[in-house]
Amino acid sequence: MGEYVKVAVDAMGGDNAPAEIVKGAVEAIQENSKVKVYLVGNEDAMKKELAGYQYPEEQLMLVPASEVIETAEPPVMAIRKKKDSSLVKALYLVKDGTCDAYVSAGSSGATLVGGQVIVGRIKGVERPPLAPLIPTENGCALLVDCGANVDARPSHLVQFAKMGSIYMENIMGVRNPRVAIVNIGAEEEKGNALVKETFPLLKNCPDIHFIGSIEARDIPAGMADVIVCEAFVGNVILKLYEGVGGTLIKKVRNGMMSSLRSKIGAFLVKPALKETLKDFELEQYGGAPMLGLNGLVVKTHGSSKSVEIKNSILQCILFKEQKINEKIKEKISIQD
């Protein structure tokens, strides 16, 4: 067995902690022998959850933490005061090199602050963005940024495009990924001040394949591979995606159960429909990586169940194997 990819997991973060977090961690190490999970949290609670599972014990380590950062707590103050929280201790495992990556369904604000303050930015990176994969007609696209930088500058968005392109090419295998900036129209002269100022910078950037503006309605159609925007716009897109996707799936399922005829039809199309709808279940893509840090920080939904935790842990393997941080360092530090 070669060297493990070591992932620190905040066992106490999220609506379903620690049960679903522990379950996801166990499922990850059961599925892949390359990963070792460091579960950080209340030791008694973690042991209680683990008692119901069979798993390779050499791939899991418990790290005790006596405190929990709650979602509503002010992030900066929480990071400073709760040094023994599961979130902070997990981040320090990445900072000190014990672990390669961090995964949490806990406080978004504390994760974003802790990622920058504790793990630290790669030299040359101005603002690390959150970059989730979102489903499209042709597979998926990377949305950069979805929540980290609501007051981004044009130079930030250019770096988002570069880092997003590196991620899509090396993690998702998309050759020469198409980059687009979110706008209210296709014309170059449209948009707010940020978009108007950023557009020519992206257009003249030799490191990316920039295709121009993209309207929100064209994102699900897979018109671009890397979707660039500041975090306010990105978060609205992501939340609307989740809401509409969930509603449509629910409506389809309810409609297919509305009569005897529809139930018979549902039985016939169920295998194909299940496979199709699976593409729009966001949890299969794992969490959102925070690009541009000295270690990988992955934020999952607060409501994450075990499948999303598992996939978030497993995505850390490819991130390390493809040396994403090294490639970002090379691209950003040399040219910015």
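Hi everyone. Before the tour, one definition: helices here are DSSP runs of H or I with at least four residues, strands are runs of E with at least two, and both are numbered from the N terminus. We are looking at a predicted model, where local features need pLDDT of at least 70, side-chain atom pairs count only at pLDDT 80 or more, and totals for chains, interfaces and linings use all residues. Residues are numbered from 1 along each chain as its sequence is written, and side-chain values use heavy atoms, with hydrogens and water left out.

Let's start with cis peptide bonds. One runs from Ala 17 to Pro 18, with omega near -5 degrees. You'll find Pro 18 in the loop that links strand 1 (5-10) and helix 1 (19-31). Another cis bond joins Val 144 to Asp 145, and here omega is near 25 degrees. Asp 145 sits in the loop between strand 6 (139-144) and helix 6 (154-170).

Now, which residues have a positive phi without being glycine? Asn 176 is one, with phi of about 50 degrees. Its place is the loop between helix 6 and strand 7 (178-182). Lys 323 is another, with phi near 55 degrees. That lysine belongs to the loop between helix 10 (306-321) and helix 11 (324-335).

Asn 176 comes out as partly exposed, at 47%. Lys 323 is partly exposed too, at 48% relative accessibility.

Notes: Buried < 20%, exposed > 50% of the residue type's maximum accessible area, 1.4 Å probe, protein only.
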